[in-house]
Amino acid sequence: MARYQSEITQFLTELKSEHPNLEAEQQAGRALLWDKEPLSVEDQRRAKAAKLKQRAYVYSND
């Protein structure tokens, strides 16, 4: 019995076979933008100290 594969699954399988390094490139792109080292305690403290308090009504001209 043949197992059913949707068109998108067939497309992705074909794409991955044509471009074997695709997943590695995706992971490198994710690491570049999203996977960051956690901030040190000192950096967290400085970021909190540098933060400005937002006004109660930001659209006011006061």
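Visitor: What makes Arg46 count as partly exposed?
Guide: The relative accessibility of Arg46 is 49%. Buried means under 20% relative accessible area, exposed over 50%, partly exposed in between (1.4 Å probe, protein chains only). The 49% falls in between, so Arg46 is partly exposed. This is a predicted model: local features need pLDDT of at least 70, side-chain atom pairs count only at pLDDT 80 or more, and totals for chains, interfaces and linings use all residues. Residues are numbered from 1 along each chain as its sequence is written, and side-chain values use heavy atoms, leaving out hydrogens and water.

Visitor: Why is the contact of Asp43 and Arg46 called a salt bridge?
Guide: The term needs a side-chain nitrogen of Lys or Arg within 4 Å of a carboxyl oxygen of Asp or Glu. Asp43 and Arg46 have N and O 2.7 Å apart. That is within 4 Å, so the name applies. Asp43 is partly exposed, at 29% relative accessibility.

Visitor: How many residues separate Asp43 and Arg46 in helix α3?
Guide: They are 3 residues apart, which means about one helical turn. A helix here is a DSSP run of H or I with at least four residues, a strand a run of E with at least two, and both are numbered from the N terminus.

Visitor: Which residue forms a salt bridge with Glu42?
Guide: Arg45 does, with the closest N and O atoms 2.5 Å apart. Both lie in helix α3 (residues 41-50), 3 residues apart. Glu42 is partly exposed at 41%, and Arg45 is partly exposed at 47%.

Visitor: How many salt bridges are there in the whole structure?
Guide: The search finds 4. Among them is Glu23 with Lys16, at 3.5 Å between the closest N and O atoms. Glu23 has 41% relative accessibility and Lys16 has 44%. Both values lie between the cut-offs, so both residues are partly exposed.

Visitor: How many aromatic pairs are there?
Guide: The count is 1. The ring centres of Tyr57 and Tyr59 are 5.9 Å apart and their planes stand at 70 degrees, so the pair is edge-to-face. The rule takes rings of Phe, Tyr and Trp (its six-membered ring) with centres within 6.5 Å; planes under 30 degrees apart are stacked, over 60 edge-to-face, the rest tilted. Both tyrosines, Tyr57 and Tyr59, are exposed.

Visitor: Which residues form the nonpolar patch on the surface?
Guide: Ile8, Phe11 and Leu12 do, with about 300 Å² of accessible area together. Phe11 sits in helix α1 (residues 7-18) and is partly exposed at 47%.

Visitor: How confident is the predictor in the protein chain?
Guide: The mean pLDDT, a confidence for each residue from 0 to 100, is 90. At 70 or more stand 97% of the residues. Confidence is lowest in helix α2 (residues 22-33), at a mean of 92, and highest in α1, at 96.

Definitions and conventions
Patches are made of residues with over 30% relative accessible area and no salt bridge: like charges are joined within 9 Å, nonpolar side chains (Val, Leu, Ile, Met, Phe, Trp, Tyr) within 5 Å. Accessible areas come from the Shrake-Rupley method with a 1.4 Å probe; for residues, only the protein chains shown count as cover.
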